[in-house]
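The paragraphs after it go through the parts one by one.

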Amino acid sequence: MKIHDEVRYGAAPDAVAAMLADPAFLADKCRRTGALEHTVDVQGDPSGPFTVTTVRTMPTDDFPDIAKKFVGETIVLKQVDTWMAAAADGSREGDVSLKLAGQPLVLTGTLTLRPEAGGTVEVVSGDLKASVPFIGGKLEKAAEPAVRAALRKEHEVGQEYLAG
């Protein structure tokens, strides 16, 4: 299943990159997306290439029954965002990988930050894939709203962070 989302921030790409590499922002994002537990690891510096790894233990209370049968009461999500150094115009590209520990559901895709009038647009584009015969599509459809909700929550937390 294809995932594509664009969000806009009223800050320059370098400020958005700094936010995306700030452990305080990342911890707040994890808490506000409902994580019961989380860890955050940032390697590198937002002035160059950097990698962000977050691991979150999430409740499955809002999951459809078909998904709960496979994942149980909680899931462990590991997300790795790998950002390249900024181009001359401040834009940058990266990759995202989101995996559910012990589960056959994976999101892989690309990340983009690009300047636009008045700020920055962040683009997340990827494939959500469940490698389960016969019901993989149902699992993808069940997970898709949670992925989109997490992207919206990250944007909300980011807007607050950038506003100071």
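Strands E6 and E7 form a hairpin with two residues between them, and Gly118 in that turn has a positive phi of about 85 degrees. The two strands run antiparallel and are joined by 12 bridges; two strands are said to pair if DSSP finds at least two bridges between them. One of the positions involved is Thr108, whose bridge partner in E7 is Asp127.

This is a predicted model, in which local features need pLDDT of at least 70, side-chain atom pairs count only at pLDDT 80 or more, and totals for chains, interfaces and linings use all residues. Residues are numbered from 1 along each chain as its sequence is written, and side-chain values use heavy atoms, with hydrogens and water left out.

The protein chain has four helices and seven strands. Helices (H or I, at least four residues) and strands (E, at least two) are DSSP runs, numbered from the N terminus. Read from the N terminus on, the order of elements is β-α-α-β-β-α-β-β-β-β-α.

A second hairpin is made by E5 and E6, with four residues between them. Gly102 in its turn has a positive phi of about 75 degrees. E5 and E6 pair in the antiparallel sense over eight bridges, and Val96 has Gly109 in E6 as its bridge partner.

Is Thr53 buried or exposed? Thr53 counts as buried because its relative accessibility is 18%, and buried means under 20% relative accessible area, exposed over 50%, partly exposed in between (1.4 Å probe, protein chains only). Not counting residues up to four places away in sequence, Thr53 touches Thr39, Val40, Asp41, Lys78, Gln79 and Val80. Of the 164 residues of the protein chain, 42% count as buried.

The last topic is empty space. Rolling a probe the size of a water molecule over the atoms shows where empty space is left. A pocket is found on a 1 Å grid over the protein atoms alone, as an open set of points where a 1.4 Å probe fits, with protein on both sides within 12 Å along at least five of seven lines; lining residues have an atom within 4 Å of a point. Of the 43 residues that line the largest pocket, the closest to its centre are Leu77, Ala146, Val147, Ala149 and Ala150. Helix H4 (136–163) is among the elements that each supply at least two residues of this lining, and H4 gives the most, with 11 residues.

Definitions and conventions
Contact means heavy atoms within 4.5 Å.
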